[in-house]
Amino acid sequence: MMADVIAAFATPPGRSAIAVIRLSGPDVFAVTASVVTPFRAEPYRQARLAHACHPETGETLDEILYLTYQEPRSYTGEHLVEISTHGGLLAPAGVLSALLVAGARQALPGEFTRRALLNGKLDLLQAEAVADLVDATAPAQRRAALEQLDRGLSERIASLRGEVLDLEALVCYDIDFPEEDSGPVPAERVRDAAHRVEQRVEQLLSTAVEGERLREGAVAVVAGKPNAGKSSLFNALLGRERAIVTEVPGTTRDAIEAPASCDGFPFRLIDTAGLRESEDRVERIGIEVSWRYLAAADVVLFCIEAGRPAEHEERAFLEEIGVPVVVVRTKSDLVEGTWTPAANELVVSAQTGTGLPAIRKELARVAFTQLAHRGMVEPFVTRERHRVALQRSLDEVRAFVDAHARGLEGAVAATHLRAAVTSLEDVIGVVAAEEVLDRVFASFCVGK
C-alpha cells in the first residue's frame, strides 16, 4: 500500500473560497502531471498557477494552484502534492475524480498521518496529537495536543524507558559478571532504582483520569428541584437558548446535553429534570435519567434559589451524592433584603450574568484540579491506550520489585523489566502492531 499514490480532500466540503486536495506517494508527480497542466515538480515548495484537466476527455475542470514537496521533506515523508482549487462542491470533486482516474486512489482515514508515522516523521503519540488538535473544541485541549505534538509526552515515556533499561542493565551485570572484582551490585542500589522508576510511572499514570477527561470533556450535570433555575443557568453558561425555560415546575422532562468551554477547559454540560417525587409517568422517567447522569458526572452544579435556606431534601442530596458538587444559589436578582450565602456557595443571576465567570472558573478547578494546578506545563496521559500500557508497565516493575525482594534468580526477575520496557514502547509505537495502528487511525478524517 505504501507504493500507492493516495489522494483526498484536506479541507471539508462546502461553500468556501478554496478547497485543498492532498496527494502522496512515490509516483505522485506522474499522476499529478496527467491532470495538472502545465506541471513541473521543481522548484519544490513554490506555488504555481495551472489548470486541472480531465486526463481522458481533456475538459478543463478548474484553475488551480499547486505545490510540490520532495521526500523526505514533506508531511508524509514521501513525494507530496497539494492542489488548491476553488471552493464549493463541483470544482473540487471534479479535480479529485480526475486524479483518481489518473491513477491515484482514495486515501483511507488517517492514511497521510499513518504514512508519516511509518516513514519516521512522527511517533504514535504525535500522530494521536494530530487528531486531538483537529478535534479540539477548547483552548486547554489545543494546548495539550500541541504539547504532545511537540514530543512532550514522547520524551517523558522515552525517559522512563531509559530508566527501566538502566535498571535491567544493573540486574544483567550481576547475571553476566557475578565474580567481578567490584563484587555484586548491592541489593539496596537495585531496590532504590526500582522504586524511583515505580514512582515516576505512578506520577505520570496519576494524570490519566484528568487527561482523558480533558480529551473527552468533563461531564457537568445541572441538578436541583423543579423550577430552581437549572435550565436558565444551563442556557446562560452556553450563551444561547438551548433548553426551554418557563415558570411551570417540571418543564424539563429529559436530559439535554451541549458542549461548553469553562475557563478554557472542555465540558459536556447536561441539564436534567427536576428532582422530586412525581405521579407523572413521563416526568418520573426523566428523573430516573437524571439520576443516571448524576452517577456518571464528574461534577454537579446543584441549584438552590437564593434568599432561602436549603430544604431537607436538598441537604440530604448534598450529603449523599458521591461526586464533587458546586452549590449554586440561583435567581439572585430576585432576592429582596439582606441575605448571605454559605462560604462554599456561589451566587448567580442567569438574567444579568452576575456570577457566571466565577461558576466557570470553579467548574474548571473542580473537574481539572491537577491540570489547572500544574498549569499544563508537564506532559500528561490523554488516552485509555496510554493508561493501559502504563499500568501494565507499572505492574511489571512492581512484580520485579517483589521478585527481587524474594531473592528470585536475576534472570527470572529481569523478565518483568523486559515486559515493562515493551509496554512503554507500545505507547510511543516503537513496535506498532497493525491492529494497533488500525485502531488509532480509524477515527481520523480522510485528508489527514
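Two residues are in contact when heavy atoms of theirs lie within 4.5 Å. On that basis, residues 24 or more positions apart account for 66% of the contacts in the protein chain that have a separation of 6 or more. The model is predicted, and the protein chain averages a pLDDT of 86.

**The chain as a whole**

- The secondary structure of the protein chain comes to 16 helices and 13 strands, and buried residues make up 48% of its 448 residues.
- A pLDDT of at least 70 is reached by 86% of the residues, whereas over residues 248-253 the pLDDT is below 50.
- That stretch, residues 248-253, still has 19 contacts in the model beyond near neighbours in sequence. Where pLDDT is low, however, the predicted coordinates should not be read in detail.

**Helices H4 and H5**

- How do the axes of helix H4 and helix H5 cross? The axes of H4, which covers residues 124-135, and H5, which covers residues 139-149, come within 8 Å and cross at roughly 155°.
- Because angles over 145 degrees count as roughly antiparallel, this crossing makes H4 roughly antiparallel to H5.
- The crossing in which H4 passes H5 is left-handed. On the side of H4 the contact is made by Leu 125, Gln 126, Glu 128, Ala 129, Val 130, Asp 132 and Leu 133, and on the side of H5 by Arg 142, Ala 145, Leu 146, Gln 148 and Leu 149.

**Two arginines in helices**

- Arg 142, one of the contact residues of H5, is partly exposed, with a relative accessible area of 42%.
- If neighbours within four places in sequence are left aside, Arg 142 is in contact with Leu 133 and Ala 136.
- The C-alpha atoms of Arg 142 and Arg 215 are separated by 9.7 Å, although these residues are 73 residues apart along the chain.
- The C-alpha atom of Arg 114 is separated by 8.9 Å from that of Leu 124, with the two residues 10 residues apart along the chain.

- The buried residues of H9 are Lys 230, Ser 231, Leu 233, Phe 234, Asn 235, Ala 236, Leu 237 and Leu 238.
- What covers these buried residues of H9 includes strands E8 (218-224), E9 (256-262), E10 (265-271), E11 (299-305) and E12 (325-330), together with helix H12 (356-367).
- After H9 comes Gly 239, a residue with a positive phi near 80°.
- In helix H8 (residues 208-216), the residues Ala 208, Glu 210, Gly 211, Arg 213 and Leu 214 are buried, and just after H8 there is Gly 217, with a positive phi of about 95°.

**Backbone details in the loops**

- Which kind of peptide bond leads from Thr 37 to Pro 38? The bond is cis, with omega near -5°, and Pro 38 is found in the loop between strand E3 (36-37) and strand E4 (48-53).
- A cis peptide bond also joins Glu 71 and Pro 72, with omega about -5°, and Pro 72 is found in the loop between strand E5 (60-69) and strand E6 (80-88).
- Arg 151, in the loop between H5 and helix H6 (152-176), is a residue other than glycine with a positive phi, near 75°. At 31% relative accessibility, Arg 151 counts as partly exposed.
- Lys 331 likewise has a positive phi, of about 60°, although it is not a glycine. Lys 331 lies in the loop between E12 and strand E13 (345-347) and is partly exposed, with a relative accessible area of 26%.

Conventions: Residues numbered from 1 in each chain as written. Predicted model: local features only at pLDDT ≥ 70, side-chain atom pairs only at ≥ 80, totals over all residues. Heavy atoms only, no water. Axes fitted to C-alpha atoms, helices over the stretch in contact; angles between N-to-C directions. Helix = DSSP H or I, 4+ residues; strand = E, 2+ residues; numbered from the N terminus. Parallel < 35°, antiparallel > 145°, perpendicular 65-115°, else oblique. Left-handed = near helix turned anticlockwise from the far one by under 90°. pLDDT = per-residue confidence, 0-100. Buried < 20%, exposed > 50% of the residue type's maximum accessible area, 1.4 Å probe, protein only.
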